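Trainee: I would like to go through the labels on this protein. Please show it to me before I start asking.

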Amino acid sequence: MDLLALGIGAGLVGLVTGSFLTVVIDRVPAKKGLWQRSACPNCGVGIKARDNIPVVGWLVLRGRCRACGERISPLYPVVELTTCALFVLVALFIRPLALVPAYLYAAGIGVALTAIDARTRRLPDAIVYPSYPVLAGLLTVASWASGDWDALLRAAIGGLSLLGAYWLVAVAVPRGMGLGDAKLAGLVGLILAYQSWGVFAVGALGAFFLGATWGIGVMVRNRGGRRTTIPFGPWMCAGAALGLAFGKPVWDVYQGVMGF
Ligand SMILES: [Zn+2]
């Protein structure tokens, strides 16, 4: 029963957070303020509070502006539902409980950065930079609560090594990875390595596996024609989610096979 209440609570907080993230996704790349009221980008009419209810508002309006009938992107309800689902999973599966705030925060910026990078090929510093002190602070509080300082040290090493590895690739192959990817990689390394080196390995390699699979799919569809670049931030975030969800069992199997 307690778990049920925790799951429902996290889901509601996730919907509201997701609604806020749709504003972040629209306005941070455009360098607009986050706190004015939302308006239709087509006709400029302010969005009524009852139409602003996460997911429900979009469904009631059937994805169209109430004033002018312009289509409203399905990205909005998708972001809200994804954030909701991730918040429920984090609240139910991330333990000890003291770690939940850090991973809720990571899930939130992961959703925002995935959508922004896919749309604009940018990972805004305005989100990435403040996330270093925020995540470091939240993980430190968690270690203070649990007494697990080894995890915090591992997180610092993991964050620095992934930042360094991506930075080297960005410098060596400027057409591939960007410095924006390297800055995000430090955050990904931090949250993965805090869990364990197995989670870190699966999460870091998972990004390349997912990105390469998608890239091959795109190339096949384009019949090897025009060179297409793909934004890598979404794959780093998806890889991190994969590592957090399946890193431990995958690592256990790997160690078993290798006979450690
Ligand atoms: Zn409108």
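Mentor: What follows takes the labels in turn and sets each against its rule. Keep in mind that this is a predicted model.

Trainee: How is the protein chain divided into domains?

Mentor: Domain 1 covers 1-93, and domain 2 covers 96-260. Their centres, taken over C-alpha atoms, are 25 Å apart.

Trainee: How many residues of domain 1 and domain 2 are in contact?

Mentor: Domain 1 brings 16 residues and domain 2 brings 15. Contact here needs heavy atoms within 4.5 Å. About 1200 Å² is buried between domain 1 and domain 2, and carbon and sulfur atoms give 85% of that. On the domain 1 side, Ile 25, Phe 87 and Val 90 lose the most area, together 37% of what that side buries.

Trainee: Why is the link between Arg 119 and Asp 26 called a salt bridge?

Mentor: The rule asks for a side-chain nitrogen of Lys or Arg within 4 Å of a carboxyl oxygen of Asp or Glu. Arg 119 and Asp 26 meet at 3.0 Å, N to O. That is within 4 Å, so the pair is a salt bridge. The count between domain 1 and domain 2 is 1 salt bridge.

Trainee: Which helices supply at least two residues each to the side of domain 1 that touches domain 2?

Mentor: Helix H1 (2-27) and helix H3 (75-93) do. H3 gives the largest share, 9 residues. By type, that side of domain 1 divides into 13 nonpolar, 2 polar and 1 charged.

Trainee: Now the rings. What makes Trp 197 and Phe 200 an edge-to-face pair?

Mentor: Two tests. Ring centres must lie within 6.5 Å, and Trp 197 and Phe 200 are at 5.3 Å centre to centre. Planes over 60 degrees apart count as edge-to-face, and here the angle is 85 degrees. The structure holds 7 aromatic pairs.

Trainee: Why are Trp 197 and Phe 200 separated by about one helical turn?

Mentor: Because they are 3 residues apart in helix H8 (residues 197-221).

Trainee: How do you know that the peptide bond joining Arg 95 and Pro 96 is cis?

Mentor: Look at omega: about 0 degrees, with the bond given as cis. Pro 96 sits in the loop between H3 and helix H4 (100-120).

Trainee: What is the phi of Lys 31?

Mentor: Phi is near 55 degrees, a positive value in a residue other than glycine. Lys 31 lies in the loop between H1 and helix H2 (56-60).

Note on methods: Residues numbered from 1 in each chain as written. Predicted model: local features only at pLDDT ≥ 70, side-chain atom pairs only at ≥ 80, totals over all residues. Heavy atoms only, no water. Domains from an automatic or database assignment. Buried area = accessible area lost by both parts, 1.4 Å probe. Helix = DSSP H or I, 4+ residues; strand = E, 2+ residues; numbered from the N terminus. Nonpolar A, V, L, I, M, F, W, Y, C, P; charged D, E, K, R; others polar. Phe/Tyr/Trp six-rings, centres within 6.5 Å; stacked < 30°, edge-to-face > 60°.
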